[in-house]
Amino acid sequence: MQRSEIEAHPGHNIVIAKLYDTHDRLREITEKLDEMASELAARREGTKAVDRGFLQMAVAINNALQQVMHAHHGTEDEVIFPYLTANFGFDASKLDEEHGELMAAMPALQAALVPLLEPGGPPAGAIAAFAAEAKRLRERLAAHLANEEATAVVALLKLTSSDIQRMFGGRL
Ligand SMILES: [Fe+2]
Ligand SMILES: [Fe+2]
């Protein structure tokens, strides 16, 4: 189902709306990080100069990504998927597996960011390595979000308002 069809569906609800909002935010952050990393790689190649402010912004974006990703996956793993599985027979195994892969990719991105901040400037190859990690994470996340929107989001159309109450206990 296309997003426009889901949004026009009579079963569309606040859980879906919030999930799409967070997915949009995650896409925006990973696209920005990927774009910054490739820009940094291109700049470094041309001038050999490293812009400190630029690197600090990459750190801030990375921190925001870590926070949003952990909170979002926590809600899906602990609240949304178990509810869908218990009440609608939803199979979350593929999405769970993808969460595991994404969580494993996060420390790799963090680790690739550290050498960029060395006082003497990034060692050879460090910027390219970071750019490769940022690209990998963006692609992996985009694939996961698309898969989730094609499966879990469609299943969420079945929720009634009492399901939403029971799921979140008034915390929404
Ligand atoms: Fe997810
Ligand atoms: Fe999600």
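In this report a residue is called buried if 20 or more other C-beta atoms lie within 10 Å of its own, exposed if 12 or fewer do, and partly exposed in between, with C-beta atoms placed from the backbone. The structure is a predicted model, in which local features need pLDDT of at least 70 and side-chain atom pairs count only at pLDDT 80 or more, while totals for chains, interfaces and linings use all residues. Residues are numbered from 1 along each chain as its sequence is written, and chains are lettered from A and ligands numbered from 1 in the order in which they are written.

**Overall architecture**

The protein has 7 helices and 0 strands; helices (H or I, at least four residues) and strands (E, at least two) are DSSP runs, numbered from the N terminus. Along the principal axes, the C-alpha atoms fill a box of roughly 60 × 25 × 25 Å. Of the 172 residues, 24% count as buried. Two residues are in contact if their C-beta atoms, placed from the backbone, lie within 7 Å. Among contacts with a separation of 6 or more, 80% are between residues 24 or more positions apart.

The expected span of a helix is 1.5 Å times one less than its number of residues.

| Helix | Residues | Expected span | Span between end C-alpha atoms |
|---|---|---|---|
| H5 | 25 residues | 36 Å | 36 Å |

In H4, Leu95, His99, Ala112 and Leu113 are buried. These buried residues fall within an arc of 135° seen down the axis of H4, so they line one face of the helix; the arc is that of the directions from the helix axis to the C-beta atoms. Their cover includes H3, H5 and helix H6 (152–156). On the other side of H4, the exposed residues are Ser93, Glu97, Gly100, Glu101, Met103, Ala104, Pro107 and Ala111. The buried residues of H5 include Phe130, Ala134, Arg138 and His144.

**The nonpolar core**

A nonpolar core is a set of buried Ala, Val, Leu, Ile, Met, Phe, Trp, Tyr and Cys residues joined through C-beta atoms within 7 Å. The largest one holds 19 residues, of which Leu33, Ala37, Phe130 and Ala134 touch the most other members. Two or more residues come from each of helix H2 (14–47), helix H3 (52–88), helix H4 (93–113) and helix H5 (126–150). H5 gives the most, with 8 residues. Beyond its neighbours within four places in sequence, Phe130 is in contact with Ala37, Ala112, Leu113 and Leu116.
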